[in-house]
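Student: I would like to learn how to read the features of a model like this one. Please show me the structure, then take the features in turn.

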Amino acid sequence: MGASYAQQIAKELNEQIDKAEKRRVLINFDRVKFMSSAMIGKLILLGKRCKNDQIELKICSITPNIMEVFKIMKLNKVFDIQDDEAKALKAFERKG
């Protein structure tokens with residue numbers, strides 16, 4: 001998984017943000033087992049875009065290994081990370 005793969009994933013995520021209903025986006029990491037530094041960079045840019053565009057972003061189902069990377073980089077303080085999809089959807093509702 002190189003930079004070109006990260007670029008493709010980022011493009012697809014941005015397209016989904018363009019279509020986001022209710023200004024909410026949930027990214028489920030359930031099947032993600034590895035994240036390259038390029039992908040982490042794209043995720044940070046995606047988070048900034050959501051913040052600038054006032055789109056509520058939540059991330060869920062991060063594996064312990066990826067969560068460790070998030071903690072080291074302090075991304076767990078930047079992103080709203082929920083244990084699973086059900087909890088993330090409930091968290092959207094709490095915000096209104």
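Tutor: Some terms come before the case. Helices (H or I, at least four residues) and strands (E, at least two) are DSSP runs, numbered from the N terminus. This is a predicted model, in which local features need pLDDT of at least 70 and side-chain atom pairs count only at pLDDT 80 or more, while totals for chains, interfaces and linings use all residues. Residues are numbered from 1 along each chain as its sequence is written, and side-chain values use heavy atoms, with hydrogens and water left out.

Student: Which element gives the most to the lining of the largest pocket?

Tutor: Rolling a probe the size of a water molecule over the atoms shows where empty space is left. On a 1 Å grid over the protein atoms alone, a pocket is an open set of points where a 1.4 Å probe fits, with protein on both sides within 12 Å along at least five of seven lines; lining residues have an atom within 4 Å of a point. Here, the largest pocket holds about 540 Å³ of space, a volume being the space filled by probe spheres set on the points, which are joined across faces, edges and corners. Its lining has 24 residues, and the closest to the centre are Ile9, Leu13, Ile27, Asn28 and Val32. H1 gives the most to this lining, with six residues.

Student: Which residues of helix H3 are buried?

Tutor: Buried means under 20% relative accessible area, exposed over 50%, and partly exposed in between (1.4 Å probe, protein chains only). In helix H3 (residues 64-72), Ile66, Met67 and Phe70 are buried. They lie on the same side of H3 because they cover an arc of only 100° around the axis, the arc being that of the directions from the helix axis to the C-beta atoms. Pro64, Asn65 and Ile72, on the other side, are exposed.

Student: How many salt bridges does the structure hold?

Tutor: Side chains of opposite charge can pair when their charged atoms come close. A salt bridge is a side-chain nitrogen of Lys or Arg within 4 Å of a carboxyl oxygen of Asp or Glu. The structure holds eight. One of them joins aspartate 18 and arginine 49 (2.4 Å, N to O); aspartate 18 is in helix H1 and arginine 49 in helix H2, 31 residues apart. Arginine 49 also forms a salt bridge with aspartate 53, with 3.1 Å between the closest N and O atoms.

Student: Is aspartate 18 buried or exposed?

Tutor: Aspartate 18 counts as exposed because its relative accessibility is 56%, whereas arginine 49, at 23%, counts as partly exposed.
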